[in-house]
Amino acid sequence: MKIRTRLVFWYFFTSLILLLIFSVGTYWGMRHLLLTSLDEDLIRVKNDIINSYNPETNTFEVFSHPYYLEEEFSNFYLILYNSSNKEIFKSNLVDKVSLHLPSLNYDTTYTTTAKILKQPIPFKSENNQAEFRLIGSTVIKNDNLIGYLIIGESFERIHESMDKLLQVLLFGICFITLVIFVLSYFLTERSLKPLDVLIDQAKKLGHENLGERLKIVNPEDEIGKLTEVLNNLLKRLQDAFDKQQEFMADAAHELKTPLTVLRTHWEGELNNKEIPEEFKLKLVQDIETITRLSKLINNLLLLTNSEYMQFRGEFEKLDLTELLKDVIANSSVLAELKNQSLKFNYDSSILIDGDKTKLYQLFFNLIDNAVKYTPENGKITVTLSRDQSYVITEIRDTGIGIPSNDLPFIFRRFYRVHKDRSKKMGGNGLGLAIVKLITQIHNGKISVESKIDEGSAFKIMLPI
Ligand SMILES: Nc1ncnc2c1ncn2[C@@H]1O[C@H](COP(=O)(O)OP(=O)(O)OP(=O)(O)O)[C@@H](O)[C@H]1O
Ligand SMILES: [Mg+2]
């Protein structure tokens, strides 16, 4: 799972859990508060009634007040007995519900379930049942027992309020978690953006641009520090790589001169009449070996130099058609030796930016391979064409072909498919590695198609 997704889920679940804890707390707190206020309500009404007792007339004045009767008491279950337990007042609700009453002359507060007998009632009821809170209280004024009062109220009002609160809380939880989800997505996106930039930059790094460094946006944060560490690592890698290339170039260079001296010397000896003919034959074989060694060293030098020095600046405008004609003219001797036909198809001259020597080497290597790996009387065709952005050079032969298993590896250094055959022909497996490197330096593309015993076609695309 991506860090981004993980962070968003962490934010989301943490806030969801916090919200749930908060909501449950609010719900229970509110419920407790409402229940207390219901009891307080009942006590207030009880006190109102008791205080309205007029000893002179021996009546409760509230009961003759129309406002109390219609408004204040309409929601209450209310029965008042006098001191001889005779009912002297009851509210409308008393006839509509049946509930378990407390025994008379006994102060109590309790919850009971009422059965609804008659509709309408001033509250909703489920299954014709409703929960009631009841207070039974003796009415005592100046130490005289005046009567007994029962007051009750349905829990319905509280249930309604709690239902509404629950709805608000649920809506709130959904809304807030959604907002947190979206916000956390954008925030993590924002804070991880520099990491994406870093990954993109690092992906573009290879041995050819080891000199480049990753951009540090904020050196203080963790990503900045990571970038710095990576940059130091890159520097060390570059140093090691440079040293290796330098060593290869130096070694090749040091070997080149003595080999040239040796070859010139032995070629001179071939004209020496004092040396017997059999020995001269051996000399010729040795000279061939030295030539092969020189070629290998030249190729190694070419590879290391090209990689070591980024010589993009040395590009010039050149006519690719002319260059190919040159290469073909110089390779035709080899083709003629094997009685092969070497043809060049082109329309007109095409100008590109490039390094003449390197491009010559590129096409020479490809045509050299075509000649080498095509039997006698075979056909080699070089075709030059162009599309909107590329010049396409195709070198097609009717040679031995390359097995499809080997195709992905033929551009590696020292890789040879037909090891013995290639070696006999003086090949070291560096030709195509050089071809690939030069194509890369020119921002070009290379592709191969090949079928065993039918032939191969190498396609080089260079940008115009
Ligand atoms: N046109 C081709 N037809 C068949 N096989 C090929 C062709 N071109 C290359 N190959 C195979 O790919 C291998 C690698 O080619 P590459 O040019 O790199 O090396 P080489 O020709 O053996 O040696 P070098 O080019 O260094 O003299 C060759 O050994 C050969 O087996
Ligand atoms: Mg080759």
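Helix 9 is mostly covered, with 8 of its 11 residues buried (under 20% relative accessible area, 1.4 Å probe, protein chains only). Buried in helix 9 are Leu-432, Ala-433, Ile-434, Val-435, Leu-437, Ile-438, Thr-439 and Ile-441. After helix 9 comes Asn-443, with a positive phi near 55 degrees. Helices (H or I, at least four residues) and strands (E, at least two) are DSSP runs, numbered from the N terminus.

This is a predicted model, in which local features need pLDDT of at least 70 and side-chain atom pairs count only at pLDDT 80 or more. Residues are numbered from 1 along each chain as its sequence is written, and side-chain values use heavy atoms, without hydrogens and water.

A nonpolar core is a set of buried Ala, Val, Leu, Ile, Met, Phe, Trp, Tyr and Cys residues joined through side-chain atoms within 4.5 Å.

| Core | Residues | Members include |
|---|---|---|
| Largest | 41 residues | Leu-320, Leu-359 and Phe-363 |
| Second, separate | 18 residues | Phe-73, Leu-80, Ile-135 and Val-139 |

The axes (lines fitted to C-alpha atoms, for helices over the stretch in contact) of helix 3 (residues 156–203) and helix 4 (residues 222–269) come within 10 Å and cross at roughly 15 degrees. Helix 3 and helix 4 are therefore roughly parallel (angles under 35 degrees). Their contact is made by Ser-191, Pro-194, Leu-195 and Leu-198 of helix 3 and Ile-223, Leu-226, Thr-227 and Leu-230 of helix 4.

How values were computed
Chains lettered and ligands numbered in written order. Axes fitted to C-alpha atoms, helices over the stretch in contact; angles between N-to-C directions. Parallel < 35°, antiparallel > 145°, perpendicular 65-115°, else oblique. Contact = heavy atoms within 4.5 Å. Buried < 20%, exposed > 50% of the residue type's maximum accessible area, 1.4 Å probe, protein only.
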